[in-house]
Amino acid sequence: MKDLPLKEQDLTLKDQDPHLKVKALDQVNALITQARENCNVLVGVHIRHGDYRYFCDGVMYYETEEYVHVMTALEKQLPNQKVGFLVCSDEPQNPENFGAMEVTISKNSPIVDMYALGKCDYIFGPNSSFSHWASFYGSVPLHILDWKAA
């Protein structure tokens, strides 16, 4: 498991109450512990639906089924690994959409999701500063979904 240098002062929150920062850090660690429980490779999946439905005429919007297609392909590319997925989204996701895959769906705040993605082994999602920051912060390889933009 990655041991990132995530400290209280790394979490930027509007309310600078140190108890909120510690709570966010605890939520990140708990989420990652849960997501890594039954896998040895953890892929962060950033599903951005909300504004991306309409932004740039939806060119960066992908249906959940399209994310599942990529997740299935990743499992096939890692045949000797137990792959798990951490799904972070700006809209609720139905666990049934992911079939029998090992999936943890975050129900946390965006700040917790962003830093949790940074503790995954890989990240994929649409072209978004959210995914880019998680990748940069955690030094995690990032695959951008961009087949609609080509």
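Strand β2 (residues 83-89) is mostly covered, with seven of its seven residues buried, where buried means under 20% relative accessible area with a 1.4 Å probe and protein chains only. This is a predicted model, in which local features need pLDDT of at least 70 and side-chain atom pairs count only at pLDDT 80 or more, while totals for chains, interfaces and linings use all residues. Residues are numbered from 1 along each chain as its sequence is written, and side-chain values use heavy atoms, leaving out hydrogens and water.

In a regular strand the side chains alternate between the two faces of the sheet. In β2, V83, F85, V87 and S89 point one way, whereas G84, L86 and C88 point the other way, and all are buried. Strand β1 (residues 41-47) pairs with β2 in the parallel sense over seven bridges, pairing being assigned if DSSP finds at least two bridges between two strands; here L42 has G84 in β2 as its bridge partner. β2 also pairs in the parallel sense with strand β3 (residues 102-105), over four bridges, and V87 stands opposite I105 in β3.

Turning to the helices, the axes of α3 (residues 110-117) and α4 (residues 129-138) come within 7 Å and cross at roughly 50°. P110, D113, M114, Y115 and L117 in α3 meet F130, W133, A134 and Y137 in α4, with contact meaning heavy atoms within 4.5 Å. By class, this contact of α3 with α4 has eight nonpolar, no polar and one charged residues. α3 is itself mostly covered, with seven of its eight residues buried, among them D113 and M114.

Methods. Axes are lines fitted to C-alpha atoms, for helices over the stretch in contact, and angles run from 0 to 180 degrees between N-to-C directions. Helices (H or I, at least four residues) and strands (E, at least two) are DSSP runs, numbered from the N terminus. Ala, Val, Leu, Ile, Met, Phe, Trp, Tyr, Cys and Pro count as nonpolar, Asp, Glu, Lys and Arg as charged, and the others, Gly among them, as polar. Buried means under 20% relative accessible area, exposed over 50%, partly exposed in between (1.4 Å probe, protein chains only).
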